[in-house]
Amino acid sequence: MFNSELMKRLSDCFGPSGREKMIRELIMDEIKDFADEITIDPLGNLIARKKGKGKKILFSAHMDQIGLMVTHVDEKGFLRFANVGGLNAKELQGLRMVFADGHEGVICCEELKENEKLTTSKLFLDVASCDKEFIKENFRLGDMCVFKSDYYETDDCVICKAADDRVGCYILIEALKNHPSTDNDVYYVFSVQEEVGCRGAKTAGYSIDPDLAVAVDVTATGDSPDGIKMDVKLGGGAAIKLKDNSLITHPHVKDLLTDLAEKNKIRYQYEILEFGGTDAGPIHTSREGVPSGVISIPTRNLHTSGEIFNKNDVEECIKLLIATAGE
Amino acid sequence: MLKEFLFDVCSNHFISGFEYIKGDTLIKYFQPYTDSFEKDKLGSYIFKKSGINDKKIMLAAHIDEIGLMITRILDGGFLSFTTVGGFNPATLVGQEVTIHGREKVYGVIGIKPPHVTSEEERKKNHKIKDLFIDTGYSKEELEKLVKIGDIISLNRDPLSLQGSLISAKAFDDRACVAVMLETAKELNKISHKSNVYFTATAQEETGTRGAKTSSYKINPDIGIVLDVGFGKTPDMPSDSPELGKGPILAYGGRLNPKLTRKFAQVCKKYNYPIQHEAMPAKTGTDTEALQVSREGIPCILLSIPLRYMHTSVETIDLHDVEITGKAIARFINELDNSDLEEILCF
Amino acid sequence: MFLKELTELAGVSGCEYEVRNYIKDILTRMGCDYYVDKLGNIIAHNKGRKQKTIMVAAHMDEVGLIVSGIDSDGFIKFEAVGGIDPRVLNSKAVFVGEKKIPGIIGSKAIHLMTSDEKGKALPLGKMYIDIGTSSKAETEKLVSIGDYVSFNSKYVEFGDNLIKAKALDDRIGCSIILDLLSMKLDADFYGVFTVMEEVGLRGAETAAYRLEPDLGLVLEGTVCADMPEVDEEDKSTLIGKGAALSLMDNTTVYDIDLVRSIAKIAEDNNINYQYRRSSAGGNDAGAIHKTKSGAKTAAISVPCRYIHSPVCVASKKDIHSVLELTKSVIIENQKGEDHV
């Protein structure tokens, strides 16, 4: 059964790259009764371990989300900002944003001259106050904000923000709660700063030095009207990644995940993403190398305030991850 | 011998990420000249020639080649594909390929005929997404043979041109794997004290990934990185490095200056011709990973001049391969007889 | 089927001798009467029941390149012979001149291109042939200006009854005529192997002048664009769907009664056929139907993907359909009392 309540809390929780404290605490609270050991590394990765004497396996889902960072507050109280993670200026105008403490703002655009290109530098945040003192006290350089958008679901699908990669966190949490009895030494890593270059995964990969790594993250789909051309679709099951810009899935890991899916009657589809990367990128080149793969959740409208995924796909991903933990 | 090796390995495929498939071909040639063999976890091949002291010298040349991967199976038995590594789409038009599916499937990459090609289109280079592989099967038949994610290699029989020039796919960087083989052979004749690691690295074309993991594993004292460089063609400046005039020695921040100078001296002493090239920052070679592995590895970079890089007709002069291999053996021998700390000290 | 041998021979327009010698040799062994005319066309005669003079033509020549210069470092400059999209030439293997010196077509490595250059198709002038020499003098010992250059591309069978080769346009036609001649039909026709079709239908004109045919049948490899993302109406022909009958192209408006009668013969004999749905291109029919007082002429073609490239693709099924249909048309037209 899909735990809508948990997914909603994960999606609603504030946590842009480098500001993962709140989401980390939420997840920690959720998993503390299920892990044998929980550590937080110097970069802020949350690492939950299920101890074993066998193979060392690393699972990773990133806690951070894309957002904006305040870079300037002008005399009138308008805020200028920089991207935290991959955002397109064209898609930002008119969006509502929310800060860690709940203050809100709306993204507005300067009046563009003819032929002038819309870039982030033409945008500003209006935080709805004429009270200079209020602004000075509550909006400091370095503060971050994220999309404000409500969680919504139908019988089969969910619309929410930060499905990238809170749905991955959800899958790791559910897998950890249903961890199979196994000899494997399994590390559930909730990583930081993926959206700005998979930085948390790099250090976690080094310190854990696993024999096998599987990242769980969202991927694009090719099933929307005149969209990008790829074979992945919503409702097609767990996506086993074969390649993106950061990783060529180790052939043995591809075979392992495929065999596990077949054996356990888990619906799966192969995924080749012609852009982007995941935590598996830095992990697989860590130390002497780590055979790595990715289980992806097909998701539409990536990096927008309304990412859409399918609940059945998520269930299949959880099953595949549990099967992998027990392998 | 070197030609036989090159024609053999270039008739096989080692697509980035799938280097393990044809490993036997490589092992067969290196085993007679080396003492032990192991792999790193990404699939780099490491052949060790043991010495008598505890110094470690790592030679690195990447075994992988750029290739293609199936992304979609289309009606009429056509395939859409993506690239593994950087391709100029222009070089794929009219190219024959092999799809490594359940069985090997032959295909060609065609082009639309002129009557459905607008003037505008004709002036443009193709994009990968505009190209399709024609397999000649129906979609139903094809789906039994291949799957999304299957890799595709280019077909091109190696060719002997005039003199000692040869042409094939994947001389980038197997020309340098052949250099390592020549060095290994040569070291059987002249003594060496260091342990020498001949490393055929994996996944250079997708981001020097194998060099990163193999150098971590070996943890060498110095690195000799071997790759290919641009050999002079009519569209390049007149002072560009030429084929047949020896390896190109690189100078720049990625390379250790004293070690580089030492190599130049050795070549001068033994009359091996070399050419020179300034590389102020990024080299686009395994040096990127080696130099910053663990606590850092002092490196030199040698390039074999090559024409038409990243096409199926990469062209080199065998003579360059041979003298580079011999020069490196001399270099190792000279290093063994000098104070390495002294050389590496800034 | 003589297709493997025929396609692996070099025969760029104006330099067809390899193909000619091969065909002459086969004809001699078959015991077929033939002669070679002043331009180099081979005219073979199958004697039999005769109502009219039938000329079945296919061209021996293929598109290719010709050496136009040698630079100071020994690289060879070239021009195209016949209609070649320069975009098919990049990084292909070739044979240069009569000695068949192996070479490859080189150009600037993509790494050295500006982003502007990367987006543009490379014109012929920016490509050159590299045979591995390092000076002008060295190249000149092996290659001269005017030497013809052909693609180095082997005959391959693949997929469902498909073949890939260079020069399928029009060795397919040559192969079919040889097959027809080898059948020793009791129906009279001339099998004509023409030269220089690709550079202006030169050979067909003189051959038709001599033969004065009542009926001309041109056997061709024709354009086929049944690839993904090509609109249905632009596909021209479909591979595997049978002999393609031309209605109109740049050189001929085909006699509609003749075309319909051929279609009927196909239907009566259960031979697959299709109409060629494009008016682009042209072939020897353009010369034959206008010679002297004129001759009704039809073109029966094999659909050929990636035509004029080193990797033409055609279906053995279609080749068979064209062979069967041509045979039936000849027999049908020579039925009745012998006039000669």
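How many residues does the contact take from chain C and from chain B? It takes 56 residues from chain C and 51 residues from chain B, where contact means C-beta atoms, placed from the backbone, within 7 Å. This is a predicted model: local features need pLDDT of at least 70, side-chain atom pairs count only at pLDDT 80 or more, and totals for chains, interfaces and linings use all residues. Residues are numbered from 1 along each chain as its sequence is written, with chains lettered from A in the order in which they are written.

**Chain contacts**

- Two pairs of chains are in contact, and chains B and C share the most contacts.
- On the side of chain C that touches chain B, β7 (101–106), α3 (115–119), β8 (128–130), β10 (156–158) and β11 (162–165) each supply at least two residues. Helices (H or I, at least four residues) and strands (E, at least two) are DSSP runs, numbered from the N terminus.
- β7(C) gives the largest share of that side, four residues.
- That side of chain C divides into 26 nonpolar, 15 polar and 15 charged residues. Ala, Val, Leu, Ile, Met, Phe, Trp, Tyr, Cys and Pro count as nonpolar, Asp, Glu, Lys and Arg as charged, and the others, Gly among them, as polar.
- The contact between chains A and B takes 16 residues from chain A and 24 residues from chain B.
- β14 (238–244) and β16 (268–272) of chain A each supply at least two residues of the side that touches chain B.
- By class, that side of chain A has eight nonpolar, two polar and six charged residues.
- Chains A and C do not touch; their nearest C-alpha atoms are 13 Å apart.

**Helix α2 of chain C**

- α2(C) covers residues 17–30, 14 residues in total. Its first and last C-alpha atoms are 20 Å apart, close to the 20 Å expected (1.5 Å times one less than the number of residues).
- Val19(C), Arg20(C), Ile23(C) and Leu27(C) are buried (20 or more other C-beta atoms within 10 Å of the residue's own; exposed means 12 or fewer).
- These four lie on the same side of α2(C), because they cover an arc of only 95° around the axis (taken from the directions from the helix axis to the C-beta atoms).
- The face turned away from the buried side carries exposed Asn21(C), Asp25(C), Thr28(C) and Arg29(C).
- Cover for the buried residues includes α1 (3–8), β1 (33–36), β2 (42–46), α5 (168–182) and β12 (189–194) of chain C.
- Gly31(C) follows α2(C), with a positive phi near 75°.

**Hairpin in chain B**

- β1 (36–39) and β2 (45–49) of chain B run antiparallel, joined by four bridges (pairing takes at least two DSSP bridges).
- Phe37(B) stands opposite Phe47(B) in β2(B).
- Five residues lie between the strands, and Gly43(B) takes a positive phi near 105° in this hairpin.
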